[in-house]
Amino acid sequence: MKPDSLPMTALNSKQGTVCIFGTGDFGRSLGLRLLQAGYEVVYGSRNPKNSDLLPKGAKVMPHEEASQKASVIIVAVHRENYEFLASLTQALEGKILVDISNNLKKHQYTESNAEYLSMLVPRAVVVKAFNTISAWALQSGRLDANRQVLICGNHAEAKQALVDMSHSLGLTPVDRGSLRVASELEDLPHQLFPLWRLPLWISAGLLGAFFLYVLIRDVVYAGVVDNKDTSFRIMISLANKVFPMVALVMLALCYLPGIIAAFLQLYNGTKYRRFPDWLDRWMLCRKQLGLLALAFAFLHVLYTLVIPIRYFVFYKRANTYISLIKENKTYEFNAMWAWRSDSYLSMGIIGFVLFVLLGITSLPSVSNSLNWREFNFIQSKLGYLTLLLCTAHAVLYGWDKFLHASGFKWWMPSSYMVSLVVPCIVLVLKTVLIMPCLDRTITRIRQGWERQGKRGKDKNAKSSQPLIL
Amino acid sequence: MKPDSLPMTALNSKQGTVCIFGTGDFGRSLGLRLLQAGYEVVYGSRNPKNSDLLPKGAKVMPHEEASQKASVIIVAVHRENYEFLASLTQALEGKILVDISNNLKKHQYTESNAEYLSMLVPRAVVVKAFNTISAWALQSGRLDANRQVLICGNHAEAKQALVDMSHSLGLTPVDRGSLRVASELEDLPHQLFPLWRLPLWISAGLLGAFFLYVLIRDVVYAGVVDNKDTSFRIMISLANKVFPMVALVMLALCYLPGIIAAFLQLYNGTKYRRFPDWLDRWMLCRKQLGLLALAFAFLHVLYTLVIPIRYFVFYKRANTYISLIKENKTYEFNAMWAWRSDSYLSMGIIGFVLFVLLGITSLPSVSNSLNWREFNFIQSKLGYLTLLLCTAHAVLYGWDKFLHASGFKWWMPSSYMVSLVVPCIVLVLKTVLIMPCLDRTITRIRQGWERQGKRGKDKNAKSSQPLIL
Amino acid sequence: MKPDSLPMTALNSKQGTVCIFGTGDFGRSLGLRLLQAGYEVVYGSRNPKNSDLLPKGAKVMPHEEASQKASVIIVAVHRENYEFLASLTQALEGKILVDISNNLKKHQYTESNAEYLSMLVPRAVVVKAFNTISAWALQSGRLDANRQVLICGNHAEAKQALVDMSHSLGLTPVDRGSLRVASELEDLPHQLFPLWRLPLWISAGLLGAFFLYVLIRDVVYAGVVDNKDTSFRIMISLANKVFPMVALVMLALCYLPGIIAAFLQLYNGTKYRRFPDWLDRWMLCRKQLGLLALAFAFLHVLYTLVIPIRYFVFYKRANTYISLIKENKTYEFNAMWAWRSDSYLSMGIIGFVLFVLLGITSLPSVSNSLNWREFNFIQSKLGYLTLLLCTAHAVLYGWDKFLHASGFKWWMPSSYMVSLVVPCIVLVLKTVLIMPCLDRTITRIRQGWERQGKRGKDKNAKSSQPLIL
């Protein structure tokens, strides 16, 4: 519990004074927000007369004078102009200097701006903050996007001052650790979906390759061999072949690296050996691979469901009916076909619903509410079930086509066969891995056990850094 | 790092004692939860004998005596009865008074209850907390909804005491700043989707207007001119015309204010001039407009996909087939129609999937994990792409209908033409804005640049407050 | 504001030293992460020579010596081996001992491991932390799942040290209160969806029962009476009867306990009486019931939308057309049927969209952004509207089937009638409850009012603990 008596000075305290060095766009935006939140704002400027654009209520004075007014000084100046701060060393002693700067590109300098500032003014306490907030967002007060102020620094109390300030501005402070993290924070605003790049390239590659394959097999072949123009099929029929192929292969690619890793661990007899870099990178982006696969599966679902609305389908069915009647035939019912068609649709539907469930549990707020065991259960057990159902969906769709020569045009197998290669490999390897003997060994390895005779080798191996599944 | 030795007193500390003034519903519920969390609870009451309803384990005593037992006093009393606290000034000196009160309506008093309490008992430290938690939720311990305890106050240590208490109760404390925020917190429980009001009214207005338009054009016209009763079409055919119209127009309305703002900034030559209020309000609710548009698009998708299951469609198709056969015709294939029908469906599907993606990234936990650049990329780049695809979807749906007189009934153009007006305006204006010359100027303006000769005017203008996009 | 001068020692502080007792898997993984985050790591070991597996850069020494190097000591040892710590009492005086242990099963010991540790070494400060983080996750640095470090302890400063450490490791610390919570935290990793169990059993039970019912009524009956094999209908036709039945009944089951509770409160004349245990448990899992119902509704939607793609449907329609033509008939249009079919689809679609909306607002990050009134509005008002629409959807689907003998096979009513029982009961009871007289009484009871003459009885009743709706 708190002390029974609190110092009375705090009771009628206003928010205090903040000093801002620099009268640029960000300095002005931040100053305005600080004023609105009840702070007093003092600008430090070389040319204190020229204060036209500054928000009303703020004072402007020379740097040295301004710095004496407040314990927190926000340095809203480009790194290139930091040198003048070295001359203020005495005035800045013990002050909290807030580095809010960003660079024009990643890794522009060897050390981060905040660390550079800390070296320039060694007797001040440097905190990195606000660099991930846009001036636009601050001005507008309409922070639809990220409200998080990422803060780092070596001094707890100085960080606390920034935490309080962020709260007063209606932002959410997040303590990210020591000043060493600063260069990471300075690179953040330059990131554009770094973890999504590889999966996006993979999906683009698969999309292009499969489209070309299907185009040649379905449209070009029909054009050359049968002399028929079926190019109108590109928009839906072909798209609805390519999307499920990409979705299925990418879903399988989510699970392949885990399987490769398990076999590597079995081979190495230890988990304390580094994986090859490509495997590490691949494992890092499994979640993104899965979400892209889900997007393609969603496209496939919609493309499938519009089939009966299509003009082409209406035309084809009309002519089927008409020719049946003309030939005075009835349409014979084939119970096996009914079973197959319904099973194939059922597998697809249940697989898709499970896939959506996997997608929902990867939302940050949902995965945060799961414990490790629950997350693992969903992403691994349900994940493999989804893959199994979707593979079964593709197998039932194709059925016995692979037996018939008509399934091969120009020696190219039907598209569903192509899409089944990777998923089948994954499922077979997984079946091997869950056999009791291998499963037991892997479980022991992952609990830290190591196979005898591997230790010596390991020492000379790449590193003793622990690694993962 | 922490000191090597910690005071030993803290080790066997219980949670401490909390005093509650008032034995009403909320006081009792909170007291019970505090007892369950290991606190000792002392009630301050005028009539300490009358303690039947109080949770077991709590003590009751007169206000003055009770206040001496604890450093934190929860004032579970209506604002109207605060005056008696003024008589306890001495007993309350240095205590943390927790104001948990709400008013019956918004802005009932000029100052917030917490500030009023602070004026009444100037020597105590007032913290506002718990007013957004319902007694219902506290009692039940089943907080499915918001577990956040919003806390504000001028004294950091006093707030920390409330943060600790909230944690012990299994709630999530959120520091919202100084006591000035109290009136905002007191208005919170009265809010019912404030940002959704305008978008809901807009969508209701559009819904009504478009429904009337389509009703007259499709049902009334058929009834009057052709003397046919087509009122059964209301449930699905008409709904499936109205919903996509509303969705498309509202999606366009998300992007229109940004465009208007850009032209205003170009005209003003500066971003440091306030926008008109209506534009500000409009911009504030873009996210909500977009989400409502997504809901209507979702309805449109479902209404479209059930088409082939409809009895009416079955009937119509049956009769088409029957009449084709009776007239001994076959259905001629038209490749252009196939292209058009498939393209229109494809545009719609991809547009909808992108729209869903936009919706997902506006979930709080997802948008919090994006940096500014990523959020901007999705909401602006992908947003315009979505609008473009959905507009193309509508154009391809209508095709050349606007050329034919049959598209106009009673001089009313076909509904798809009506829905295309706003989206086309937005897309044309956006095309103008991204032309290099204008784009460069706007970028410079948004980085703080101002056109010469505008400064003088500005001074006399509304305000120098910075504004947004 | 902060003091103008900060102690300069903090400026070039590294992260400090952490001591780890135990060189098992978790100790090694945590040590490596700490080293990577800039801490110095000292292992305490019985056999300091045997340090092959330890991460590079860490030192190893005997327990007593190691404990002198740091103020934070992580006890990465099984509870069974805690006794040796009792012999180090002196060395551990005033140290922060971090208990990271888990047990093999729930409730293995009477007191939690952390409390046991606290009793063994009474002069150290024990904090529970990291037990919910997996070694796997720590090693890999790929925390897709839960990054939360749940911390509990009786000493605020000690907890703060762990909060700081968690931040440095890129994890999200969450203060969960005093050491008494430790046993709860130790049970957490053993949980596998505890709140989902009951709803999953209920849905499995309903699924099985309804499937059997429909199987007998549709397939077995056709086989025995009509001697037709319709088993192919299991995959889609039957599934698409069972799923909506389960969804509707489970949606109704979400609202039934609230209604029972209201009647109980009316009967008791007070809200301060405990509900029966089964009702408490039922109410606790309403959210999960609702989400499962949504999953089944989603399945129903997909199963319905694939209808026109099914081979069986294609066959049936073809034969309908053929026989119509052969008998030289046209298909007569029935406006009432068109109305009914379209209304039934419309109700279903709007009901489903509202249901999805309910699902979205139960996402943690969304429900956290709603105030109590908003959450209540959506979950209760919109919830009942959803139930009403879905019930209307089922009623319109069945229409007048219940009047005809053909609707009953072997005296078994049509499946839609079975699914309507619970929803209709809920809706009727709700209608009774919102009648002004009852509504007023319930509102007063929930505000704390009690009916006269109930107090005496209450005292002898189960408990005076407040309860909920």
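This is a predicted model: local features need pLDDT of at least 70, side-chain atom pairs count only at pLDDT 80 or more; totals for chains, interfaces and linings use all residues.
1. From α10(C), the residues C:Trp282, C:Met283 and C:Leu284 meet C:Arg286, C:Gln288 and C:Leu289 of α11(C). Sorted by class, this contact has four nonpolar, one polar and one charged residues.

2. Helix α10 (residues 277–284) of chain C and helix α11 (residues 286–305) of chain C have axes that come within 5 Å and cross at roughly 50 degrees. That angle makes α10(C) oblique to α11(C).

3. Staying with chain C, have a look at strand β1 (residues 17–21), which is mostly covered, with five of its five residues buried. In a regular strand, side chains alternate between the two faces of the sheet. Here both faces of β1(C) are covered: C:Thr17, C:Cys19 and C:Phe21 are buried on one side, and C:Val18 and C:Ile20 are buried on the other.

4. Which strand is joined to β1(C) by five bridges? The partner is strand β2 (residues 40–44) of chain C, and the two run parallel.

5. Over in chain A, a helix pair to examine is α8 (residues 239–268) with α15 (residues 415–433), which pack at an angle of about 25 degrees with their axes 8 Å apart. This makes α8(A) roughly parallel to α15(A). As for handedness, α8(A) passes α15(A) in a left-handed crossing.

6. On the α8(A) side they include A:Met245, A:Leu248, A:Val249, A:Leu256, A:Ile259 and A:Phe263, and on the α15(A) side A:Val418, A:Val422, A:Pro423, A:Val426 and A:Leu429 are among them. The contact divides into 19 nonpolar, two polar and two charged residues.

7. Chain A also has an open sheet of eight strands with mixed pairing, in the order β3-β2-β1-β4-β5-β6-β7-β8. Why is one side of β3 and of β8 in chain A left without a neighbour in the sheet? Both β3 (59–61) and β8 (172–175) stand at the edges, each with a single partner strand, so one side of each has no neighbour there. On average, neighbouring strands of this sheet are turned by 30 degrees against each other, direction ignored.

8. A:Tyr43 has A:Val60 in β3(A) as its bridge partner. Helix α5 (residues 156–168) of chain A lies across β1, β4, β5, β6, β7 and β8 of that chain, running at about 170 degrees to β7(A).

9. Turning to chain B, you will find an open sheet of eight strands there, with mixed pairing and the order β3-β2-β1-β4-β5-β6-β7-β8. Strands β3 (59–61) and β8 (172–175) of chain B are at the edges, and each has a single partner strand, so one side of each is left without a neighbour in the sheet. The twist averages 30 degrees from one strand to the next.

10. Strand β2 (residues 40–44) of chain B is joined to β3(B) by three bridges and the strands run parallel, with B:Val42 opposite B:Lys59. Helix α1 (residues 25–36) of chain B lies across β1, β2 and β4, at about 160 degrees to β2(B). Helix α6 (residues 156–168) of chain B lies across β1, β4, β5, β6, β7 and β8, at about 170 degrees to β7(B).

How values were computed
Residues are numbered from 1 along each chain as its sequence is written. Chains are lettered from A and ligands numbered from 1 in the order in which they are written. Side-chain values use heavy atoms; hydrogens and water are left out. Axes are lines fitted to C-alpha atoms, for helices over the stretch in contact, and angles run from 0 to 180 degrees between N-to-C directions. Helices (H or I, at least four residues) and strands (E, at least two) are DSSP runs, numbered from the N terminus. Angles under 35 degrees count as roughly parallel, over 145 as roughly antiparallel, 65 to 115 as roughly perpendicular and the rest as oblique. A crossing is left-handed if the near helix is turned anticlockwise from the far one by less than a right angle, and right-handed if clockwise. Contact means heavy atoms within 4.5 Å. Ala, Val, Leu, Ile, Met, Phe, Trp, Tyr, Cys and Pro count as nonpolar, Asp, Glu, Lys and Arg as charged, and the others, Gly among them, as polar. Buried means under 20% relative accessible area, exposed over 50%, partly exposed in between (1.4 Å probe, protein chains only). Two strands pair if DSSP finds at least two bridges between them.
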